[in-house]
Amino acid sequence: MKLGAFSVSLSVKDLSKSKEFYENLGFSVFGGDMKNNYLIMKNERTLIGLFQGMFEENILTFNPGWDENAKKVEGFQDVRKIQQHLKSAGVEIINPADENSEGPASFVVKDPDGNMILFDQHL
């Protein structure tokens with residue numbers, strides 16, 4: 001399965017402090033907006049999303065169709081195909097994508113330990 005770019009989406013208490021911390025680890029702002037309470041930080045090919053007040057727990061995120069530079073990947077696997085595969089394997093889908101739609105869509109699953117995994121396609 002081709003899952004696309006991977007990042008960790010962190011629920012942070014203070015976006016400014018978290019930004020400074022990750023900058024000290026060599027990350028720089030790649031996207032997002034302080035005014036909208038989120039930043040995407042990048043260090044080489046590693047992405048971390050910092051989100052203040054948007055969700056309670058940290059989330060593993062895959063972006064089908066994107067590479068680590070948010071550039072389109074040719075021949076990617078659509079998020080609805082990934083969802084169908086996981087559903088057929090018995091994985092519970094949370095907030096499923098409309099399988100009759102096209103373009104941007106997302107869905108969530110939980111791993112056996114309750115960790116949230118977001119599949120978020122922007123294309």
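## Salt bridges, fold and main pocket of a predicted model

Glu68 and Arg45 are joined by a salt bridge in which the closest N and O atoms are 3.2 Å apart. Because Glu68 lies in the loop between S5 and helix H2 (79-88), while Arg45 lies in the loop between strand S3 (38-43) and S4, the pair ties together parts that are 23 residues apart in sequence.

| Salt bridge | N to O distance |
|---|---|
| Glu68 and Arg45 | 3.2 Å |
| Arg80 and Asp78 | 2.8 Å |
| Glu99 and Lys87 | 3.3 Å |

In the bridge between Glu99 and Lys87, whose side chains meet at 3.3 Å, Glu99 belongs to the loop between H2 and strand S6 (105-110) and Lys87 to helix H2, so the pair ties together parts that are twelve residues apart in sequence. Glu99 is partly exposed, with a relative accessible area of 29%, and Lys87 also counts as partly exposed, at 45% relative accessibility. Arg80, which meets Asp78 in a salt bridge, is by contrast buried, with a relative accessible area of 4%. In general terms, side chains of opposite charge can pair when their charged atoms come close.

Turning to the chain as a whole, the protein contains two helices and seven strands, and from the N terminus on these elements run β-α-β-β-β-β-α-β-β. The radius of gyration is 15 Å, close to the 14 Å that the globule rule gives for 123 residues, so the protein chain is as compact as a globular protein of that length. Taken along the principal axes, the C-alpha atoms fill a box of roughly 45 × 30 × 25 Å. Of the 123 residues in the protein chain, 33% are buried. Among the contacts with a separation of 6 or more, 46% are accounted for by residues 24 or more positions apart.

Tyr22 gives a local view of this packing. Tyr22 is placed in helix H1 (residues 15-24) and counts as buried, at 16% relative accessibility. Leaving aside residues up to four places away in sequence, Tyr22 touches Leu10, Phe27, Met41, Ile48 and Leu50. Between Tyr22 and Arg80 there are 58 residues of separation in sequence and 33 Å in space, C-alpha to C-alpha.

Strand S1 (5-12), strand S4 (46-52), strand S5 (59-63) and strand S7 (116-121) are the elements that give two or more residues to the lining. Sorted by class, the lining of the largest pocket has eleven nonpolar, seven polar and three charged residues.

Key:
Residues numbered from 1 in each chain as written. Predicted model: local features only at pLDDT ≥ 70, side-chain atom pairs only at ≥ 80, totals over all residues. Heavy atoms only, no water. Helix = DSSP H or I, 4+ residues; strand = E, 2+ residues; numbered from the N terminus. Nonpolar A, V, L, I, M, F, W, Y, C, P; charged D, E, K, R; others polar. Salt bridge = Lys/Arg side-chain N within 4 Å of Asp/Glu carboxyl O. Buried < 20%, exposed > 50% of the residue type's maximum accessible area, 1.4 Å probe, protein only. Rg over C-alpha atoms; globule rule 2.2 N^0.38 Å. Contact = heavy atoms within 4.5 Å.
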